[in-house]
Amino acid sequence: MKDLLNRPLRDLRISVIDRCNLRCQYCMPKEIFGPDYPFLPPSELLTYDEIERIAKIFVELGVEKIRLTGGEPLLRKDLPVLVDRLIRLEGLEDIALTTNGIFLPKYAHDLKQAGLKRVNISLDSINDELFGQMNGRNVGAAPVKKGIEAAQNAGLGIKINMVIKKGMNDSEIIPMATYCKENELELRFIEYMDVGSTNGWKMKDVITKKEIYAKLQESFELEPVEADYFGEVAKKYKYKDANVLVGFITSVSESFCSSCTRARLSANGQLYTCLFNGNGHNIRDFLREGADDSALEGFIKNIWEQRRDRYSDERTEETVKQRKKVEMSYIGG
């Protein structure tokens with residue numbers, strides 16, 4: 001437990017909107033998030049002024065990296081304006097964006113000009129039919145590929161996120177690796193996680209890092225790469241014949257609770273110290289009730305210092321059923 005209490009606060013994920021233009025099976029299954037689903041009204045979302053103020057306190061407490069997420073963050077109006085405001089915070093070293101990529105042809109240049117460093121683009125298959133089935137809207141992979149190209153042309157750093165579910169898209173491991181290697185894109189394989197309470201997660205659906213790595217070894221030679229910093233969640237490798245990285249996010253098979261340095265701020269202003277904890281802390285109302293910066297700093301600091309989250313260490317089929325977790329549409333990845 002001492003290790004958990006001593007984890008530095010380094011990374012803040014900010015969800016700016018709770019909706020998406022795709023219905024990913026992992027975080028927004030169409031059976032739940034249909035056309036009549038009641039998303040948050042604008043009044044419940046944090047304003048850009050509120051986000052900037054909260055982010056400033058986090059940076060003063062040691063946060064070096066901010067990632068904007070959703071839902072689909074590019075559905076939030078004037079997002080480059082927020083990027084420009086956040087990148088000016090003294091002490092912030094990196095600002096990134098997680099997106100499905102579809103709107104990047106429209107916004108990539110403006111985001112880069114505003115100060116965005118890189119994007120993480122979600123792409124679970126390059127097979128149009130399969131990708132359409134997975135996103136529930138019959139949208140093929142072509143719009144996402146155009147978004148990747150737009151990000152490349154704008155000079156943004158790019159990582160591709162691929163969640164693997166057994167029997168769904170595990171056949172796409174080699175095609176995706178080949179596509180990303182040929183296009184010099186860093187690919188992150190993400191183990192299928194029990195995010196939220198609506199995706200029907202079962203352990204039998206998980207393809208572990210060990211299994212994915214063994215599959216890759218049939219077609220590629222890989223060598224391990226050292227972590228860049230304490231708390232880096234991806235276990236990284238490099239293709240021996242190319243200067244291209246491939247990584248694994250192993251929250252299920254090889255947990256990393258003891259080195260987690262990440263806090264999450266949901267679209268409606270709830271502060272979470274773990275992706276799998278449904279008990280948020282209402283920073284929005286605390287802010288709107290008139291708290292000054294000193295009180296806000298104390299509020300955040302107390303939450304972080306009192307955290308006890310070890311969900312990935314303790315995960316079992318039974319805990320998955322028992323624990324209520326915040327939905328990914330509210331909190332992002």
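Guide: A residue is called buried when its relative accessible area is under 20%, exposed when over 50%, and partly exposed in between (1.4 Å probe, protein chains only). This is a predicted model, where local features need pLDDT of at least 70 and side-chain atom pairs count only at pLDDT 80 or more, while totals for chains, interfaces and linings use all residues. Residues are numbered from 1 along each chain as its sequence is written, and side-chain values use heavy atoms, with hydrogens and water left out.

Visitor: So is Gly101 buried or exposed?
Guide: Gly101 counts as buried, because its relative accessibility is 0%. You'll find Gly101 in the loop between β3 (94-99) and α4 (104-114); helices (H or I, at least four residues) and strands (E, at least two) are DSSP runs, numbered from the N terminus.

Visitor: Which residues does Gly101 touch?
Guide: Contact means heavy atoms within 4.5 Å. Not counting residues up to four places away in sequence, Gly101 touches Glu72, Ile121, Pro143 and Gly147. Take Ile121: it sits 20 residues from Gly101 along the chain, yet their C-alpha atoms are separated by 5.7 Å.

Visitor: How do I read a helix, say α8 (residues 209-217)?
Guide: An α-helix has 3.6 residues a turn, so residues three or four places apart point the same way. In α8, the buried residues are Lys209, Ile212 and Leu216. They cover an arc of only 65° around the axis (taken from the directions from the helix axis to the C-beta atoms), which puts them on the same side of α8. That set packs against β5 (157-164), α7 (173-182), β6 (186-191), β7, β8 (234-239) and β9 (245-249).

Visitor: What is the strand order in the open sheet?
Guide: Two strands pair if DSSP finds at least two bridges between them. The twelve strands run β7-β8-β9-β6-β5-β4-β3-β2-β1-β10-β11-β12, with mixed pairing. β7 (222-225) and β12 (281-282) stand at the edges with a single partner strand each, so one side of each has no neighbour in the sheet. Two bridges join β11 (residues 270-272) to β12, and these strands run antiparallel; Gln270 has Asn282 as its bridge partner in β12.

Visitor: Where does UniProt place a "binding site"?
Guide: UniProt positions follow the numbering used here, with shortened feature names, and annotations may be inferred rather than shown by experiment. An unreviewed UniProt entry puts one at Cys257, Cys260 and Cys274. They span 18 residues in sequence, but no two of their C-alpha atoms are more than 9.0 Å apart, so they gather at one spot. Cys274, in the loop between β11 and β12, counts as buried at 11% relative accessibility.
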